[in-house]
Amino acid sequence: MQNNAFIGRQPILNRQQQIIGYELLFRLDQSSLTADFSSDMQAGTNILVNTLSNMGADWLVGSKLAFVNVATSMLESNFLELLHPQRVVLEIVESVNATPELLARAKELRAQGFGIALDDFTYTPQTAPFLEFANYVKLDIQQLGLENVKSLSKELRKFPVLQVAEKVETKDEFKFCLDVGLDCFQGYYFAHPETLSAKIINPAYANILSLLNMLRNNAEIVEIENALKRDVALSFKLLRYINSAGFGLSCEIHSFRHAVTILGYQKLYRWLTLLLVTASSDAGTPPALMKTAVTRGRLVELLGSHLLDGTDRDNLFIVGVFSLLDVMLDMPMDKILETLLLPDSVSEALLSRTGIYGPFIELAEACEDPDMADVPRLCEQLQLTPEMLNKAHVSALAWVEELGV
């Protein structure tokens, strides 16, 4: 049973829409649904701890927090002592009753340095005693309804807790929770944003698009160098990225010609794809969205590495990174693809999640979904074990942290 666990994640953001942590979503595959719950829970704890403790000192999310669900059996287990308390917030699920033993355990874990969150919180005699030890209280706004969120939020102000709105699905809900004074936010509005009306591509984008197309057409190195020189912000970003730890180059890059020579067209193309995504932060794109796109790029590439190599791996990276461009640019994907010379196989994956790369981007997206319902099926289709998926996920997250995106 222990070999069948998938770990996904969903970002948790502050009022400025910056990521403060990720909820790690843990799912056993379908075959273990028949096992009794407590042994599932133990297996779950085991996998979670193994995964988390295999991540080295900066496992997973740099300075960010990992929010992990714990039910009664996990709370009672000694597995939790193996985690890094300063990096982990234990989300006590709503089914846990506040017995004297569990309250003592929560107090002890808090004293060890763990954060304590109360998941799907409603004010009941069973849950209220935990408020004494909680740092975070999570409110499921769909389940509670917005008016109840407002009154419960007011009630909770008596306690020194950060209030987290869960299942925020629309801009209006986000605005409502912001106005009510909630501190943190989580939900599809951030992980699956909606596409809005078309926005004109600003000069930085236009320059990046033109460079991408020059590279696709194998333009002369001097043309590429001149194009880079024309856009100071773009060229500064390029050099800063290339010199960052995430790219693992052994020498500092000082000129564009040097950059192009060292990197080669293929790699330069990849960095420009990254830049296209990260440039959008200047246009007011929430940092979480940008980070999701870059993580997807790396994850999609790693997911395909056991089946594909060479150009295919580069294309996988591009599919992942560009998969949110429609949201970032507020333009329909087909309109964006008209401005980019991309191989048909990449366009197919971006437009309809079909073709050779389609299932890889589908799997990356499925990992962002709290239900992770499609993960087992897609893993099977792509011949990926849960271990391979989790390893790729962790590695992609670490890479993005190193880039400092």
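**Contacts, cysteines and a loop threonine**

Author: In this predicted model, 65% of the protein's contacts with a separation of 6 or more are between residues 24 or more positions apart.

Reader: How many helices and strands are there in the protein?

Author: The protein has 405 residues, of which 56% are buried. Its secondary structure comprises 19 helices and eight strands.

Reader: How many disulfides does the structure hold?

Author: A disulfide requires two cysteine sulfur atoms within 2.5 Å. The sulfur of Cys379 lies 6.8 Å from its closest cysteine sulfur, that of Cys367, and is therefore too far away for a bond. The number of disulfides in the structure is zero.

Reader: Is Cys367 buried or exposed?

Author: A residue counts as buried under 20% relative accessible area. Cys379 has a value of 1% and is buried. With a relative accessible area of 0%, Cys367 is buried.

Reader: Where is Thr127 found?

Author: Strand S5 covers residues 115-118 and strand S6 covers residues 136-140. Thr127 is buried, with a relative accessible area of 12%. Its place is the loop between strand S5 and strand S6.

Reader: Which side chain does a polar contact join to that of Thr127?

Author: Leaving aside residues up to four places away in sequence, Thr127 touches Leu118, Phe121 and Thr122. The polar contact spans 3.0 Å, and the partner of Thr127 in this side-chain pair is Thr124.

Terms used
Residues are numbered from 1 along each chain as its sequence is written. This is a predicted model: local features need pLDDT of at least 70, side-chain atom pairs count only at pLDDT 80 or more; totals for chains, interfaces and linings use all residues. Side-chain values use heavy atoms; hydrogens and water are left out. Buried means under 20% relative accessible area, exposed over 50%, partly exposed in between (1.4 Å probe, protein chains only). Helices (H or I, at least four residues) and strands (E, at least two) are DSSP runs, numbered from the N terminus. Contact means heavy atoms within 4.5 Å. A polar contact is a pair of N or O atoms within 3.5 Å; within protein, one must be able to donate a hydrogen and the other to accept it, and residues adjacent in sequence count only if both atoms are side-chain atoms.
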